[in-house]
Amino acid sequence: MDGFAQYLPPLAQGLGMTALLVAISGVIGCIAGLILGLAATSPLPPARWASNIYTNIIRGIPPLVILFFMYFALPILFPLLTLSQTLTAVIGLSVYAAAYMGEIVRGSIRAIPVGQGEASEALGMRYYHKFRYVIIPQAMKIILPPGVGFLISLVKASALASVIGYDELTEEGHIVSTLNNQPLNVFLVVAVFYFVISYPLALLGRWYERRLA
Amino acid sequence: MTAGSAATVSPGSGAGSGAVITVRELRKSFGSNEVLKGINVQVADGEVVCIIGPSGSGKSTFLRCLNRLEMINSGTIVVLGHDLGHSRTDVHIVRQKVGMVFQQFNVFPHLKVLDNITLAPRKVSKIPKQEAHDRAVELLRKVGLSEKADAYPRELSGGQQQRVAIARALAMRPQIMLFDEPTSALDPETIGEVLSVMKDLASEGMTMVVVTHEIGFAREVADRVIFMDDGLIVEEGTSSEVLKNPRNERTQAFLRKVL
């Protein structure tokens, strides 16, 4: 274990890179997912179509292919869209997360009884008030368990960013273990580090769920 | 078609004195199923109108057309001077003046009783928090639920929830109240408390349109009773005319079954 002090810094750096990537793409994914979910339940047909097309296309593509496509293929089509590894990773995972969060939001809104919306409308509420104060607060309780579940799986999906050279935790672990030839120790630490990100997410979800109950 | 000729409404044509609702040749279909086949109704200011009839007769659909929860296919609906059939009419304005109470209560389960009542006045009417609060407290007293202000709807019985729903609608200070089978989902022992709140409201002069199966309530409170069957108004008149001496045989058959 004497190499511990040597290989811990790069792994800690990988942990930071992974946390950063998940945090940004998670937030963007949640916001975009909310918009997609609202669009999917919109009274306006074009909004529903756009949301459905996006969701179905993105959900049908492996996130790995999304990253490859954005990093290697997109610059061929549009040379101006040559993005850095970090930007590609963030956007790629956001695009992926938005589709799944959108479906979770859509399903949760659908689960709210129609009468709740009708009661809001009968009181004179417009779309914004109806969703802001009646529909979304109730939908949040339904969104939360699968939403947190998806964010935890996003933590793990972030390992895919290594394929385009984003130096996240898995990539750092791979590099360090080939250098010091201690895969057992290295990947044990890597596993613990992933747990350190995903378990607080689960706890946060539980806490918020209890608060809403 | 008669519907075509009735499509234009001159401002003064809505009944002689103080009609707050004027409906002409209203037709409404769900797909190929026509559920309202030409309804003509006027409701005067302060009048209590009860609509009775078998399920599937279109009475709930008719009521829901009055605040445009359902869009009509043809005909005219003028509520408080607003033509609901006109696409440029801002229905939100009309809805603020027309309260509605639903069969399934539809109270907001995530909000405390008091917040259920203050939400729309605060957000829609932009009334100050304290004023909305005072109004809600007053309304809770009126419906006999003062001690439930901080309860959540799930802690209340059906009858209590429905009284909250009535208070919530009244908080917008509506000029008209629509009731869509307000006691049909209630336990028999809680029906009375809801009906008594409605009776108080009627005696205060509120204009009310009530779809109901409570014949006793209609007999006691209604200025006018409308019997609907198969998308049409079959018979209409004072409660004693329609309920005691129905002339139409379908009305007679219906009343024999429910009384």
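**Exercise 1. Decide whether B:Asn106 is buried or exposed, and work out which residues surround it.**

Solution. B:Asn106 has a relative accessible area of 11% and is therefore buried, a term that stands for under 20% relative accessible area, with exposed meaning over 50% and partly exposed the range in between (1.4 Å probe, protein chains only). The model is a predicted one, in which local features need pLDDT of at least 70 and side-chain atom pairs count only at pLDDT 80 or more, while totals for chains, interfaces and linings use all residues. Residues are numbered from 1 along each chain as its sequence is written, chains are lettered from A and ligands numbered from 1 in the order in which they are written, and side-chain values use heavy atoms, with hydrogens and water left out.

**Exercise 2. Explain why H4(B) counts as largely enclosed, and name what covers its buried residues.**

Solution. Of the 11 residues of H4(B), 8 are buried, so this helix is largely enclosed by the rest of the structure. The buried residues include B:Leu114, B:Ile117 and B:Pro121. Their cover includes H6 of chain A, along with helix H5 (129-142) and helix H6 (158-170) of chain B.

**Exercise 3. Describe the interface of chain A and chain B by its residues, area and salt bridges.**

Solution. Begin with the residues: 16 of chain A are in contact with 24 of chain B. The area buried between the two chains (accessible area, 1.4 Å probe, lost on putting the parts together and summed over both) is about 1,800 Å², and carbon and sulfur atoms give 61% of it.

Then turn to the salt bridges, each a side-chain nitrogen of Lys or Arg within 4 Å of a carboxyl oxygen of Asp or Glu; the rule finds 2 across this interface, including one in which the side chains of A:Arg126 and B:Asp90 meet at 2.8 Å, N to O. On the side of chain A that touches chain B, the elements giving two or more residues are helix H5 (114-122) and helix H6 (127-157) of chain A, and the largest share, 7 residues, comes from H5(A).

Methods
Contact means heavy atoms within 4.5 Å. Helices (H or I, at least four residues) and strands (E, at least two) are DSSP runs, numbered from the N terminus.
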